[in-house]
Amino acid sequence: MRIRLLSYGSRGDVQPLAALALGLQAAGHTVRLAAPQRFADFIQNLDLPYAPLPGDPEEISRRLNTAGTNPLRAMQALQGYIRSIMDELIAAALAACADADCIVHSYLFTAGAHAYAFARGIPDVSVQLFPMFVPTRAFPNPALSQLPPGWPSLLSHRLAAAGFRREFEQALRGWRNPDPKKYPLHLHWPFDPPEPRTPLIMAYSPSVLPRPADWTADYIHVPGYFFLPIEESYYPPADLLAFLRAGPPPVCISFGSMVSEHAAALQQMVLRALANCGQRAIWLTGWGAKPLPQAGVPVFHLPAAPHDWLLPRCAAVMHHGGAGTTGAGLRAGIPNIVIPHMGDQAFWARRVATLGAGPEPLPLNKITVDRLSAAIRACENAELRIRAKAIGAQLRAENGVSAAVEIIERHAANVNRR
């Protein structure tokens, strides 16, 4: 089966789809992953066929960081950028899927890719990295994570899905107005009848966020995180090995793709907190960090390293709470210190604390050196470390990719029989 996967966003958005593509490829399918040009080397180094998509995901990160935790502003910022590249983006996505027997799509492609698959009569599957498009009373939509369970949570999911749908339809309508024949498809929402419904795969672990009791529909799946295979061939730089051997396990600091005007101030506070605690650190610089003077604090700066190799060698991990980084941090079995910047990050930060795998979240707008220092010291708590280790063992026993491959194959077979 020719399966085409569509993903857009930061490394945290693309990497889970790359892991799924590898799983589908290992199962004998012919895959192609379409993702922003920025990730061409990453995807091709995995020996995955690749189709480039236009635009710069760093610009999305910059705009979303400006929007902060305001869900309406975040949606407008995201849609504003997508509209500016819509011609090129749709053309590239259509080209990537022209020969598809099945399309797997993530958040930004949820409606458009489904409309294309529906028009062609081929199966499609939706993959989401956070709970979206299915209402529940158990917890709020991640963009409105401060709301309590019950009817406020139920309403938050309905509002978020309706807002996404409205923004997409407005953007597409505006794009088509000059030439209605440009994209002659009737929009058909993927989770509406007629049957069979498009499978909705939540690519996170039920050990981290259990499936709610009111998700009774059989098209909803929570199979586990999509992790890349362990990089057996990875050999760390000699100076990194030397740093690890020179003292006790460090704190790993990774704010990934966060491009924030507060980055320099945050770095200074983190360095002062490390000094207060007498703690060493490895800082994964990602997109947003530029190494600052270390003020005598032992800090090793590194552009990137495989989380499955590095994190188990660390005492704790401090990060922004992105879905993928949270999964990797929990899987390592070490405490997680979460400093949410935007979007769904506060939601995952709260889950970490609720699970007992890390201290209380430290929102970016409320952070202080004292609070950072207290969070670093809290990671020495024996009970917290035991709980983090237990959750790590649970996640390492799961195989979300394998389960998702079976779901995709079963759905495609059912559609083709019809």
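## A β-α-β unit

Strand S4, helix H6 and strand S5 make a right-handed β-α-β unit. Right-handed has a set meaning: with the strands pointing away from the viewer, the path from the first strand over the helix to the second runs clockwise. Helices (H or I, at least four residues) and strands (E, at least two) are DSSP runs, numbered from the N terminus. This is a predicted model: local features need pLDDT of at least 70, side-chain atom pairs count only at pLDDT 80 or more, and totals for chains, interfaces and linings use all residues. Residues are numbered from 1 along each chain as its sequence is written, and side-chain values use heavy atoms, with hydrogens and water left out.

S4 covers residues 102–105 and pairs with S5 in the parallel sense over 3 bridges. Two strands pair if DSSP finds at least two bridges between them. Val 104 stands opposite Val 125 in S5.

## Helix H6

H6 spans residues 110–120. The helix is mostly covered, with 8 of its 11 residues buried. Buried means under 20% relative accessible area, exposed means over 50%, and partly exposed lies in between (1.4 Å probe, protein chains only). Among the buried residues of H6 are Thr 110, His 114 and Tyr 116. Gly 121 follows the helix, and its phi is positive, near 75°.

## Strand S5

Ser 126 has Leu 200 of S6 as its bridge partner.

## Arg 4 in strand S1

Arg 4 sits in strand S1, which covers residues 2–6. Is Arg 4 buried or exposed? Arg 4 counts as buried because its relative accessibility is 3%.

The side chain of Arg 4 makes a polar contact with the side chain of Asp 99, at 3.0 Å. A polar contact is a pair of N or O atoms within 3.5 Å; within protein, one must be able to donate a hydrogen and the other to accept it, and residues adjacent in sequence count only if both atoms are side-chain atoms. Contact in general means heavy atoms within 4.5 Å. Leaving aside neighbours within four places in sequence, the residues in contact with Arg 4 include Thr 30, Arg 32, Cys 97 and Val 104.

## A sheet of 5 strands

Which order do the strands of the open sheet follow? The order is S10-S9-S8-S11-S12, with parallel pairing. The edge strands are S10 (299–302) and S12 (336–338), and each pairs on one side only. The twist averages 20° from one strand to the next. Within this sheet, S8 (residues 251–254) and S9 (residues 281–284) run parallel and are joined by 4 bridges. Val 251 stands opposite Ala 281 in S9.

## Cysteines

How many disulfides does a search of the whole structure find? The search finds 0. A disulfide is a pair of cysteine sulfur atoms within 2.5 Å. Cys 252 is in no disulfide; its nearest cysteine sulfur, that of Cys 314, is 4.8 Å away. Cys 252 counts as buried because its relative accessibility is 0%. Cys 379 is in no disulfide either, and the nearest cysteine sulfur, that of Cys 277, is 9.5 Å away. At 3% relative accessibility, Cys 379 also counts as buried.

Key:
Axes are lines fitted to C-alpha atoms, for helices over the stretch in contact, and angles run from 0 to 180 degrees between N-to-C directions.
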